[in-house]
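Subject: Handover of a protein structure

Dear colleague,

Please find below the structure that I am handing over to you.

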Amino acid sequence: MTRVLVVEDSPTQAQAIQLLLEEGPYQVDVAADGVLALEVIARAAPDIVLTDLEMPNLNGLQLVKKIRKEYPLIPVVLMTAHGSEKIAAQALCDGAASYIPKTSLMSDVLPTLERILALTSVHRQHARAFERLASFELHFVIDNDSTYLAPPSGYLNVILEPHPPHDGSERMRIGVA
């Protein structure tokens, strides 16, 4: 079952969203703020996060940035009652997968989550397979021409980018080797 983490500081709104999502094919966890959301994610990563913008401790935009940095394969959808095009653009620039104004949340949340999960399902499947990968070998036969070195190195970086090590410098070291 697909797991959704709802991050909402209003208990009544969190419950309404939870009930709506549980009518669909979703298992729902709820966190009251961004700090608690990160604790939930560290224990058991959800398939997608739906977060409010205005919250205490760590707001929605800050949470989007942290999730993108620490858990890049988890898509985040930002929702807010005080939305604007500027906030939507900022959310997308910060790494949110989508943005939903709360005025249309009840009609838009299910189609939005379904669309994003459909687009990210291949990445999630690859990540799950990669976690269980015991060994992996690539063999390149390269002529004695230095121009042939860059493509295999770039290919390795493409393969490794969504998987540990997430540190770009570590991937660079692999490419140089």
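The model is a predicted one, in which local features need pLDDT of at least 70 and side-chain atom pairs count only at pLDDT 80 or more, while totals for chains, interfaces and linings use all residues. Residues are numbered from 1 along each chain as its sequence is written, and side-chain values use heavy atoms, with hydrogens and water left out.

Overall fold

The protein chain contains 7 helices and 5 strands. Here helices (H or I, at least four residues) and strands (E, at least two) are DSSP runs, numbered from the N terminus. Along the sequence, their order is β-α-β-α-β-α-β-α-β-α-α-α. The chain has 177 residues, of which 36% count as buried. Buried means under 20% relative accessible area, exposed means over 50%, and partly exposed lies in between (1.4 Å probe, protein chains only).

Salt bridges

Side chains of opposite charge can pair when their charged atoms come close. The term salt bridge is used for a side-chain nitrogen of Lys or Arg within 4 Å of a carboxyl oxygen of Asp or Glu. The structure holds 3 of these salt bridges.

One of them joins Arg3 and Asp29, whose closest N and O atoms are 2.4 Å apart. This pair links distant parts of the chain, 26 residues apart: Arg3 belongs to strand β1 (residues 2-7) and Asp29 to strand β2 (residues 26-31). Arg3 is buried, at a relative accessible area of 15%.

Another salt bridge is formed by the side chains of Lys102 and Glu8, with 2.7 Å from N to O. These two residues are 94 residues apart, with Lys102 in the loop between β5 (98-101) and α5, and Glu8 in the loop between β1 and α1 (11-23). Lys102 is buried, with a relative accessible area of 17%, and Glu8 is buried as well, with a value of 3%.

Lys102 also meets Asp52 in a salt bridge, at 3.4 Å from N to O. Asp52 is buried, as is Lys102. Through shared partners, the salt bridges join Glu8, Asp52 and Lys102 into one network.

The second largest pocket

Rolling a probe the size of a water molecule over the atoms shows where empty space is left. On a 1 Å grid over the protein atoms alone, a pocket is an open set of points where a 1.4 Å probe fits, with protein on both sides within 12 Å along at least five of seven lines; its lining residues have an atom within 4 Å of a point. The second largest pocket holds about 200 Å³ of space, a volume being the space filled by probe spheres set on the grid points, which are joined across faces, edges and corners. It is lined by 14 residues, and Arg68, Leu73, Pro75, Ala97 and Thr120 are the closest to its centre. Helix α5 gives the most to the lining, with 5 residues. The lining divides into 9 nonpolar, 3 polar and 2 charged residues. In this division, Ala, Val, Leu, Ile, Met, Phe, Trp, Tyr, Cys and Pro count as nonpolar, Asp, Glu, Lys and Arg as charged, and the others, Gly among them, as polar.

Leu73 is found in the loop between α3 and β4 (76-80). Leu73 is partly exposed, with a relative accessible area of 29%.

A nonpolar surface patch

Leu133, Phe136, Leu138, Phe140, Ile142, Tyr148, Leu149 and Tyr155 make a nonpolar surface patch of about 760 Å². Patches are made of residues with over 30% relative accessible area and no salt bridge, where like charges are joined within 9 Å and nonpolar side chains (Val, Leu, Ile, Met, Phe, Trp, Tyr) within 5 Å. Accessible areas come from the Shrake-Rupley method with a 1.4 Å probe, and for residues only the protein chains shown count as cover. Leu149 lies in the loop between α5 (105-131) and α6 (150-160). Ile142 is placed in the loop between α5 and α6 and is partly exposed, at 35% relative accessible area.

Two further residues

Leu5, in strand β1, counts as buried at 0% relative accessibility. Asn57 lies in the loop between β3 and α3 (60-70) and is exposed, with a relative accessible area of 62%. The phi angle of Asn57 is near 70°, a positive value in a residue other than glycine.

Yours sincerely
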